[in-house]
Amino acid sequence: MAEREWAEKNYYADLGVSSSASQEDIKKAYRKIARENHPDKKPGDKVAEERFKKAAEAYDVVGDEAKRKEYDDFRAMLGSGGLGGSGFPGGFRSSGTAGNFQASDFFGQGGGYSPEGGLGDIFGSFFGRGGNPRQSARPTRGADVETDITLDFREAAKGATLPLQLSGEAPCNTCHGSGSKSGHPTTCQACQGTGFTSEQRGAFGLSAPCSVCGGTGEIIEDPCPTCQGSGTVHRTRSITVRIPAGVIDGQKVRLAGQGEAGPNGKPSGDLFVTVHVRPDPVFTRSGDDLEVTVPVSFAELALGDTITVPTLDSPVRVKVPAGTRDGRTLRVRGRGIKNGDLRVKVQVKVPTNLDAAATSALRTYAQAERESGFNPRTDWEGAK
């Protein structure tokens, strides 16, 4: 998300934490909201779905320490009166400069405001895109790429490694991304490698991207015949993507440097993978806990028994104490997702076809039950 969009967001409020919350507290708050508002838990609930999406977006920013710092710096800058003393860092002076800030940076790179330039360029100078705004004309990295994948429930719970094909700009194999046939671009003499040229117009000092090198600061005197000097070619490439264990439906996974290649050897952008998770016929999840409902007989609950229960790996044996009520949940430590537990809910399954011997035995039991004084509705409100 572009930093200029952060002006309308309060990610801390979306997660229900203060701006001084620790990373661990932020993680706990996100997991709680995700657990309570997950579409699998509240299907069709638009309010819960929107709450879930807002929390996921907030966690993607403030859950990452580097992004959180940028976000906090941006909010502090706006809170201090916009962009400094007179709306600019350090105050705007008639010379056109304010520290490293120049009038041309306010009006974009070409002397006029546009939605993609203008104030966006100002913000770019504050968020790691070249510290000195005069360098913002030079491409600093490749484009970010977004894609979607769908995993089975168990793959998402345990983590998965899968191949992914992406089409886009990749480094040219002929020139190894430099754009130069010899591999050695030369420094532009017109701008001395800065990517900008400056001129004084009355009281204002204006700068603009160098028209000779196009703002790159370099000249390709021997363009690579394969990429025509850009350093990148459009092709389909295969990468291996590792999805961490415990990812939830709708979560984004960031793979640094796996986006499109930057021009002329600049760093690649990032790849953002949105994960969709198919429901499982056996398991559901609550946070890192797995939940499974196991059918049992009345005799197993009344007399007690040991039953076999599935897990993400091999089945486990679970002891059912004598006198266990229908619907009780038994806990198996450490057999959930990551460090979570397995919650086993026992549910009586009533037989529909009994043979003569079983019917006779059950009637004998029912008579003995009545004679013992047992009444299943003794404490039932409807019997009062």
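**From a loop aspartate through the helices and salt bridges**

Asp40, with a relative accessibility of 52%, counts as exposed, where exposed stands for over 50% relative accessible area, buried for under 20% and partly exposed for what lies in between (1.4 Å probe, protein chains only). This is a predicted model, in which local features need pLDDT of at least 70 and side-chain atom pairs count only at pLDDT 80 or more, while totals for chains, interfaces and linings use all residues. Residues are numbered from 1 along each chain as its sequence is written, and side-chain values use heavy atoms, with hydrogens and water left out.

Asp40 sits in the loop between α2 and α3, the helices (H or I, at least four residues) and strands (E, at least two) being DSSP runs numbered from the N terminus. Although 238 residues separate Asp40 from Arg278 in sequence, their C-alpha atoms are 9.9 Å apart in space.

The buried residues of α2 are Ile26, Ala29, Tyr30, Ile33, Ala34 and Asn37. Seen down the helix axis, these buried residues of α2 fall within an arc of 130°, so they line one face of the helix, the arc being that of the directions from the axis to the C-beta atoms.

Charged pairs come next. A salt bridge is counted when a side-chain nitrogen of Lys or Arg lies within 4 Å of a carboxyl oxygen of Asp or Glu, and by this rule there are 22 salt bridges. Arg31 forms one with Asp288, the closest N and O atoms being 3.9 Å apart. Since Arg31 lies in helix α2 and Asp288 in the loop between β12 and β13 (289–296), the pair ties together parts that are 257 residues apart in sequence. Arg31 counts as partly exposed, at 37% relative accessibility.

Arg141 takes part in two such contacts: a salt bridge with Asp144, whose closest N and O atoms are 3.1 Å apart, and another with Asp270 at 3.4 Å, N to O. The second pair links distant parts of the chain, with Arg141 in the loop between α6 (119–126) and β3 (145–151) and Asp270 in the loop between β10 (252–255) and β11, 129 residues apart. Arg141 is partly exposed at 35% relative accessibility, and Asp144 is partly exposed at 40%, whereas Asp270 counts as buried at 9%. Elsewhere, Asp289, Glu291, Arg331, Arg333, Asp341 and Arg343 are linked in a network of salt bridges.

Another aspartate, Asp280, is found in the loop between β11 (271–277) and β12 (283–286), and at 16% relative accessibility it counts as buried. The side chain of Asp280 makes a polar contact with the side chain of Arg154 at 3.2 Å, and it also reaches the backbone nitrogen of Phe283 at 2.8 Å. A polar contact here is a pair of N or O atoms within 3.5 Å; within protein, one atom must be able to donate a hydrogen and the other to accept it, and residues adjacent in sequence count only if both atoms are side-chain atoms.

Most residues other than glycine have a negative phi. His176, however, has a positive phi near 60°; this residue lies in the loop between β4 (160–171) and β5 (186–187) and is exposed, with a relative accessible area of 69%. Gln192 has a positive phi of about 60° although it is not a glycine, and its place is in the loop between β5 and β6 (196–201), where it is exposed with a relative accessible area of 55%.

Helix α9 (residues 356–371) has 16 residues and reaches 23 Å from its first C-alpha to its last, close to the 22 Å expected at 1.5 Å a residue. Just after α9, Gly373 takes a positive phi of about 95°.

Note on methods
Expected span 1.5 Å × (residues − 1).
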